Amino acid sequence: EDEEEREEGEQVEEDKNHAQDLDVEAVLAGLDVEVEVLADAVARMGEDGTDEEVDCNGGDLADGEDQVDLANGAALIRGITNALVDWAFDVPGVPLTARKMLADMCRSLGAAAFHRCSPQAKRGNKRHRYEDQVLAMLGETLSKASAVLTREFTEAAGILQAVENDEEQVAKVKTDIETAFASLKAKRAEADTRRADIARHEKELAMAWKEVASAKAQARKDAKEATACAEAKNSAEKTVSVFSALESDGGSARPAAELRAELRLVEVLMRTAGVAQSLMAGAERAVLPALRCPPKKRSRFDEAALSACEGCLREHCQEQVARAVASDQRRRAAEEVVCRRRARVAAIQGCATEAAGALQDNIRELQECKRVLAAAVHAGTLRTAELKRLRLATGRKRCQMTRLEGLLVALQKI
């Protein structure tokens, strides 16, 4: 029993620490934090999958260029040299070295050259024909550059429009995110349900172990009572048998010590059975001396006293037998209660173990849902970055093309 109680105590402690062994609190808390971060990222996305507005007007061109004042010769020179050297594009038939040479020649002309008249003019301050040739080369190069920029802008605008109008991709990103969020919420709710089931099983298990302990205490009490009743029954039956043997032979064939021991048993049983309450005092006092006498020497009064005492003892013995039977039945019933309550503990433990396993599976599913959601959000982020890059590139091309057209118009007027 001590070994069994020790094992049950260890089992109770193991059941108490069952939820801690699962170690799900930290996992679920970490998942919640990660999901909140992903939810914030999704909330920042616009309807078209972009995180922020992008300046499409090419406002990131370097050198602090504002709109060129075409009437200002110095500003016109600066705009032409920047277009030839600093802007990243290729001009067919005019390598970068030649463009740098033209830029140097443009700067060498100075602002005055742009305000003088052409060599063909009839009057006024005329340009030298070499200066006019430089301006012609600049116009030819910028015209080729304008064609290149126009083509690149058209291609970039087409790509941007295709990406922006890709409704299937936008719908796929939104659907993937919404589906992942819905699945994640469902799995999270399922995890909360599993945790509630485990907590309920733990409470039920604690109560069941208390019931087992209570049933075992009652079973031990009933077992002790049954043992005492069985001992009392056996003692009564033995004493009645001794009484019958002494009544039949008077104890003449027994040694004196054995006879005294048997008489003491009879005397104790008489007190236990309450013979003094059923017989007269004289009859009670005559029982023990009569048992010492041989049957032939007993008087009628002795026989009557022995007969009445024997009836009292046998009645007491029957009562002890009935008590022993009843106490044994109670003991068996208590043991059955203990078995039933242990079976209930085992059933609850099985349910708790099953719920714990389901929770672990649910946590793995949660982690997978989080991974799917992160992948969907990442796809949206990639689309956002691609849109931003395309819009910036298209805006830069548009700005360069517009400024280059303005430079060409100014050169044509000159």
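Hi everyone. By a helix I mean a DSSP run of H or I with at least four residues, and by a strand a run of E with at least two, numbered from the N terminus. With that in hand, the protein chain has eleven helices and zero strands. Please keep in mind that this is a predicted model.

Let me start with the overall picture. Going along the sequence, the pattern reads α-α-α-α-α-α-α-α-α-α-α. The protein chain has 414 residues, and 37% of them count as buried. If you take the contacts with a separation of 6 or more, 79% come from residues 24 or more positions apart.

How do helix 6 and helix 11 cross? Their axes come within 8 Å, at an angle of roughly 155°. Angles over 145 degrees count as roughly antiparallel, so helix 6 is roughly antiparallel to helix 11. The crossing of helix 6 past helix 11 is left-handed.

Next comes helix 7, spanning residues 167-249. Here the axes of helix 7 and helix 11 are 3 Å apart, and the angle is about 165°. That makes helix 7 roughly antiparallel to helix 11. Helix 7 also passes helix 11 in a left-handed crossing.

Then there is helix 4, residues 73-86. Its axis lies 10 Å from that of helix 11, and the two pack at about 125°. The pair is therefore oblique, and the crossing of helix 4 past helix 11 is left-handed. Which residues meet there? On the helix 4 side we have L76, G79, I80 and A83, and on the helix 11 side L404, L407, A410 and L411.

The largest one has 25 residues, and the members touching the most other members are I80, L84, L138, L142, L404 and L407. At least two core residues come from each of helix 4, helix 5 (96-109), helix 6 (129-164) and helix 11 (300-413). Helix 6 gives the most, with seven residues.

Have a look at L404 in particular. Leaving aside residues up to four places away in sequence, L404 touches A83, W87, L142, A145, S146 and L149. Apart from this core lies another, made of 24 residues, including V242, L246, L288 and C312.

Is T81 buried or exposed? Its relative accessible area is 5%, and buried means under 20%, so T81 is buried. What does T81 touch, beyond residues up to four places away in sequence? The partners are D86, A103, C106 and R107.

The other is H201, and for this one we go to helix 7. H201 has a relative accessibility of 9% and so counts as buried as well. Setting aside residues up to four places away in sequence, H201 touches I348, C351, A352 and A355.

Terms used. Residues are numbered from 1 along each chain as its sequence is written. This is a predicted model: local features need pLDDT of at least 70, side-chain atom pairs count only at pLDDT 80 or more; totals for chains, interfaces and linings use all residues. Side-chain values use heavy atoms; hydrogens and water are left out. Buried means under 20% relative accessible area, exposed over 50%, partly exposed in between (1.4 Å probe, protein chains only). Contact means heavy atoms within 4.5 Å. A nonpolar core is a set of buried Ala, Val, Leu, Ile, Met, Phe, Trp, Tyr and Cys residues joined through side-chain atoms within 4.5 Å. Axes are lines fitted to C-alpha atoms, for helices over the stretch in contact, and angles run from 0 to 180 degrees between N-to-C directions. Angles under 35 degrees count as roughly parallel, over 145 as roughly antiparallel, 65 to 115 as roughly perpendicular and the rest as oblique. A crossing is left-handed if the near helix is turned anticlockwise from the far one by less than a right angle, and right-handed if clockwise.
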